[in-house]
Amino acid sequence: MPRRNILTDRQRAVLFDLPTDQAALLRHYTLADDDLEIIRARRRSHNRFGFALQLCALRHPGRLLTQGEVIPEAVTRFLAAQLGLRPDDLADYAARDETRREHLAALREVYGYKMFTGRGSRDLKVWLEDSAETARSNEDLARCFVEQCRATQTILPGITVIERLCADALVAAERRVDARISSRLDSEMGNRLDALLTEDAGGSVTRFVWLRQFEVGQNSADMSRLLDRLEFLQALALDRSILADVPPHRVTRLRRQGERYFAGDLRDISGERRLAILAVCAVEWRSAIADAVVETHDRIVGKTWREAKSRCDARADDAKAALKVTLQAFSTLGSALLEAHEDRASLEEAVQNAGGWSSLKGLAATAAQLTDTLAADPLAHVVHGYYRFRRYAPRMLRALDIQAAPVAVPLLEAAGIVARAETTVTLPLTFLRRGSKWQRHLNADEGDGQRLWEVAVLFHLREAFRSGDIWLVHSRRFGDPKEALVPAEVARATPRLAMPFEPEAWLADRKARMSDALRRLARAAKAGAIPGGSIEDGVLKIDRLTAAVPEEAEAVVLDLYGRLPGIRITDLLLEVDYEIGFTEAFTHLRTGVPCADRIGLLNVLLAEGLNLGLSKMAGATNSHDYFQLSRLSRWHVESEAMARALAMVIEGQSCLPMARFWGAGQTASSDGQFFPTTRQGEAVNMINAKYGHEPGLKAYTHVSDQFGPFATQTIPATVNEAPYILDGLLMTDAGQKIREQYADTGGFTDHVFAVTSLLGFQFIPRIRDLPSKRLYLFDPASCPNELKGLIGGKIKERLITANWPNILRSAATMLTGVIPPSQLLRKFAAYPRQHELAVALREIGRVERTLFIIDWLLDADMQRRAQIGLNKGEAHHALKNALRIGRQGEIRDRTTEGQHFRMAGLNLLAAIIIYWNTKHLGNAVTQRQHDGLDCPAELLAHISPLGWPHILLTGEYRWPKK
C-alpha cells in the first residue's frame with residue numbers, strides 16, 4: 001500500500017521528536033523518587049541511563065526509541081544530571097538488542113504501557129473514527145490521536161501507521177457527512193439540485209455559477225439581481241434541517257468547495273458528495289444572499305441620505321448670495337431708521353427714502369425664505385429617493401423572513417403596508433420615536449405624504465437591522481442578538497471574565513477606586529503637580545508630550561541596517577519559510593494536505609502582498625503560469641490559512657533574541673490604514689472625508705510591542721474603528737496575551753472602555769480632545785472643589801445592577817467567539833436610546849473612562865507607553881505603503897473576499913519581512929559587539945525591524961530550480 005502523507009516533516013517532528021527546550025524537559029522528563037528507585041535497580045550506569053531514557057520516551061512523545069537513533073544532547077545532559085551520571089555513559093547502552101527489549105518489557109510491566117495491538121488498538125481506531133468528523137484539520141486529528149494514545153498509555157505505532165489511520169478516518173468521516181446530507185434529500189430535490197449544473201442562466205453561465213456570483217450591491221439594479229437569486233433559492237424550498245448534526249466547519253468546508261469548483265468538475269464528482277455540496281451551497285447561499293440584501297439596502301439608504309444632505313448644502317450655498325444682498329438692504333434700512341430717530345425726523349419718510357414699504361415687505365419675505373432654507377435639514381429632501389426605493393422595497397420585504405422584538409412590532413407592521421403596496425388614508429406613525437424629526441416633516445408634507453412615509457419606514461428598517469431590534473432567521477450578520485448571547489450558566493463558567501458575578505461587588509470596588517483617584521487628582525491639581533498639565537478655574541490644560549529618543553540612537557540604527565545583507569524578496573521568503581514553515585498552514589481545501597508546490601504558493605502570496613495580482617505575477621516569475629497560480633490560489637489560499645500562517649510568523653518572531661529588547665508581547669496598539677480603491681467606491685459608501693475625496697477602505701491592524709502585526713481586518717473607510725479593537729485581541733492567540741491595548745481617538749467609545757475592562761484588558765486610548773471630556777461620578781456632590789468644573793454627570797447605578805446578567809452574557813459571548821465582538825459592539829452602538837443594555841454598558845464605560853482619565857493625567861509613564869505603542873503601529877504604515885507596488889497602490893478587487901486577501905497578504909508579507917529583519921538585526925548586534933562597539937539595551941529599544949531599503953522588491957521574481 002502506498003504511503004499516505006497527510007503531515008509535513010515539521011508536523012511529524014512536533015509529534016514524534018524528543019523535546020529539547022528547557023520547559024518541555026522539565027515538564028516531561030523530570031523523574032520522581034519512585035522512578036529513580038526503579039532505575040537504580042539496574043546494575044550498570046549505562047543500563048540505568050538507557051532505562052531512564054526509554055521511560056522518558058514512552059512518556060513523551062510516547063513512542064519507542066529506534067535502533068541507532070541519535071539522542072539530542074539536551075536530553076542526555078538533563079537526564080544525566082538527575083541520575084548522577086555523565087552524558088557519555090549512554091554510549092554503551094543496548095550493545096545487545098536483548099537488553100533494550102528486556103528493559104521495555106520491564107517498563108510495560110511496572111508502568112502499564114501497552115502496545116498498539118489487540119482490543120486496545122481496536123478501541124483507539126473506533127475513537128479515531130468518531131473524532132475525525134469533528135477534527136478541523138489533518139494535524140489536529142493526528143495530534144488528538146497521539147494525545148489519546150498517551151492518555152491510555154498505548155505506545156505509539158509508527159508515524160506511517162498513524163498517518164494512514166488518520167487519513168482513512170478522515171475519508172470515512174467525509175463520506176459519512178456526505179451520505180447523511182444526501183440521504184435527507186428526496187429524488188425530486190436531488191434532480192433539481194443536479195439541474196443547477198446544466199441549466200443555462202444566460203451568458204453561457206450555468207445556474208449554479210450564476211447563484212454564487214453575488215456581492216453586496218450599491219443600487220436598485222444590484223438589489224434586483226440579489227433578489228432574483230434569493231427568490232430562486234427560496235423556490236427550491238430546501239429545508240435547513242438537512243444540515244442537522246453536521247459540524248459547522250464541515251458545512252463551511254463543503255460550501256467553500258462549491259465556491260471553488262467549476263460546474264463541469266462538480267458534475268464529475270460521485271453522487272453523494274455532489275449532492276451534499278449542492279445542498280450545502282443552496283442553504284448557505286440563501287442566508288448569505290439575504291444578508292447581502294439587507295447590507296445593500298443599508299448602502300442605498302446611506303446614498304439617499306448623502307444625496308439629500310448634498311441638496312440641502314447646495315441650497316444653502318445658493319442662498320448665500322441672496323443672504324448677502326438681503327442683509328445689506330436691512331443694514332441700509334436700519335441705518336436710515338436710526339438716523340431718523342436720532343434727528344427726530346419722520347420714520348415714515350425714512351422708510352420711503354430707503355425703498356418704501358413694498359420693498360420692506362419683499363425683504364421680510366426673502367428673509368423668511370432664507371431662514372427656512374438655512375434651517376432645513378436633509379430629511380426635507382430624502383423623498384427624492386422614493387422611486388429608487390420603490391423599484392425594490394416591496395419585493396425585498398416580501399422575500400425577507402423578518403422577525404421583530406416587541407419594541408419594533410409597529411415598524412414591522414408599517415413595513416407590511418409597504419410590502420403590500422397599500423395606499424391607506426391613515427398612515428401609522430407609532431414606529432417613530434417621540435420627538436423624532438420625521439414627525440414634523442410628515443405632518444407638514446401634504447403632497448408627498450405617502451411617499452415620505454414609505455421612505456421613513458425604509459430608513460427606520462435600516463436602523464432597526466443595525467441595532468438588532470429586527471432580524472433575519474438563520475442570518476450570520478443580522479440574526480437575533482439574544483440567540484447569539486451565551487446562556488447565563490455558560491457565562492458564569494467562562495474562566496477569563498474579569499468581572500464578579502454580582503454587581504454589588506463591582507460597584508463597591510469601582511466606588512473605592514474612584515474615591516481614591518479623585519482625592520489624588522485634587523491633591524495634585526491643588527499643588528500644581530499634574531505631569532504635563534494643570535487644572536485652572538475648573539479648566540483642564542495639557543501640554544504636548546515631548547520626544548524621548550536618545551541622540552545616539554540614530555547612529556546605531558544606521559550602523560545596524562548598514563550591516564544587513566542585501567536580499568531579493570524571493571530569497572527572503574524562502575529563508576523564512578525554511579525556518580518556520582508558514583506555507584504549511586495552506587492546506588488543500590478538500591484533503592487538508594499542506595500544499596506540495598511551495599514555490600508556487602509563495603508566488604501567490606507575493607502577488608497578494610505586493611498588490612500585483614496573479615496575471616502580473618505570472619508574467620514576472622520564472623516558475624509558474626497564470627493557470628497554475630490560479631489553481632493554487634483557489635484551493636489553498638483561505639482566510640483561515642492566512643491567519644494560521646500569520647500566527648506562525650508572529651510566534652517565530654517573538655522568540656527571536658532581538659525581539660526582547662522591544663517588549664514582552666503583552667502590549668499592543670491598533671490603528672486603521674487607508675488604502676485607495678477604484679472610483680466605484682463612491683457609489684458603495686467608501687469615501688471618508690478625512691482621507692479626501694478618493695474612495696477607499698481601511699486595514700485595521702493590531703501591532704504588538706515587538707512590532708508583530710498579529711491581526712488585520714478589512715473595514716469600510718466610513719465606519720468607526722472602535723468596535724474592531726476586540727476582534728484582534730480575542731480572536732488570535734497573540735491577542736489573548738495582551739494586557740495593555742493602545743488606540744488613537746478613533747478607537748475610543750464608552751462601550752469599548754466597558755468591554756475591555758470586563759474582559760481584563762487595560763484600554764489606553766490617546767484621546768485628542770481630552771480636556772473636553774467630562775468625568776462621571778457615583779456621587780457628584782462629594783467631588784472636591786478643584787474638580788467641579790470637570791464633572792459631566794452621575795452614574796446610573798440601578799441601571800447597571802438591573803442589566804448585570806445580560807452584561808455578563810455579552811462579555812462571555814465575546815470571549816467564546818460565537819460571533820465577532822465587533823458585530824456585537826456595533827449593535828450596541830446602534831441601539832435606540834431607550835435600550836437598557838446599551839445604556840448600562842455606556843454607564844460602565846463612563847466609570848472606566850473616568851478612572852482612566854485620572855490615571856492618565858497622573859501617570860506620565862502611561863502616556864509615554866501609549867505614545868511609543870502608537871508610534872510602532874503608525875510606523876507599519878510606511879512599510880506597507882512601500883510594499884503595495886502594484887496597480888498604483890489601489891485595491892482594485894471588486895469582491896469583499898478579494899479585498900480581504902489583498903490586506904491579509906500584505907500584512908503577512910510585512911510580518912515575514914519583520915521576522916527576517918529581527919533575525920538579521922540580532923546578527924548585526926552580535927557583529928557590532930565583536931567589533932568592540934557598545935550596544936546598550938536602552939538604544940536597541942529604539943531600533944525597529946521595519947526597514948526595507950536592503951530588500952529588492954521589484955523586477956523579475958526568480959526562484960531556484962527544484
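A cavity is here a set of points, on a 1 Å grid over the protein atoms alone, where a 1.4 Å probe fits but cannot get out, and its lining residues have an atom within 4 Å of a point; a volume is the space filled by probe spheres set on the points, which are joined across faces, edges and corners. The model is predicted, so that local features need pLDDT of at least 70 and side-chain atom pairs count only at pLDDT 80 or more, while totals for chains, interfaces and linings use all residues. Residues are numbered from 1 along each chain as its sequence is written, and side-chain values use heavy atoms, with hydrogens and water left out.

**View 1. The largest cavity and its lining.** By this rule there are 5 cavities of 30 Å³ or more, and the largest has a volume of about 70 Å³. Its lining consists of Glu174, Val177, Asp178, Arg250, Arg253, Leu254, Gln257 and Arg273, which divide into 2 nonpolar, 1 polar and 5 charged residues (Ala, Val, Leu, Ile, Met, Phe, Trp, Tyr, Cys and Pro count as nonpolar, Asp, Glu, Lys and Arg as charged, and the others, Gly among them, as polar). Two or more lining residues come from each of α9 and α13 (248-260), and α13 gives the most, with 4; helices are DSSP runs of H or I of at least four residues and strands are runs of E of at least two, numbered from the N terminus.

**View 2. The largest nonpolar core around Phe586.** A nonpolar core is a set of buried Ala, Val, Leu, Ile, Met, Phe, Trp, Tyr and Cys residues joined through side-chain atoms within 4.5 Å, where buried means under 20% relative accessible area, exposed over 50% and partly exposed in between, with a 1.4 Å probe and protein chains only. Of the 153 residues in the largest core, Phe582, Phe586 and Leu759 touch the most other members, and helix α39 (residues 896-930) gives the most to this core, with 15 residues. Apart from it lies another core, of 85 residues, including Phe214 and Val418.

**View 3. Phenylalanine 707, a residue with positive phi.** Although not a glycine, phenylalanine 707 has a phi of about 75 degrees, and it lies in the loop between β7 (696-704) and β8 (709-716). At 4% relative accessibility, phenylalanine 707 counts as buried.

Note on methods
On a 1 Å grid over the protein atoms alone, a cavity is a set of points where a 1.4 Å probe fits but cannot get out, and a pocket is an open set with protein on both sides within 12 Å along at least five of seven lines; lining residues have an atom within 4 Å of a point.
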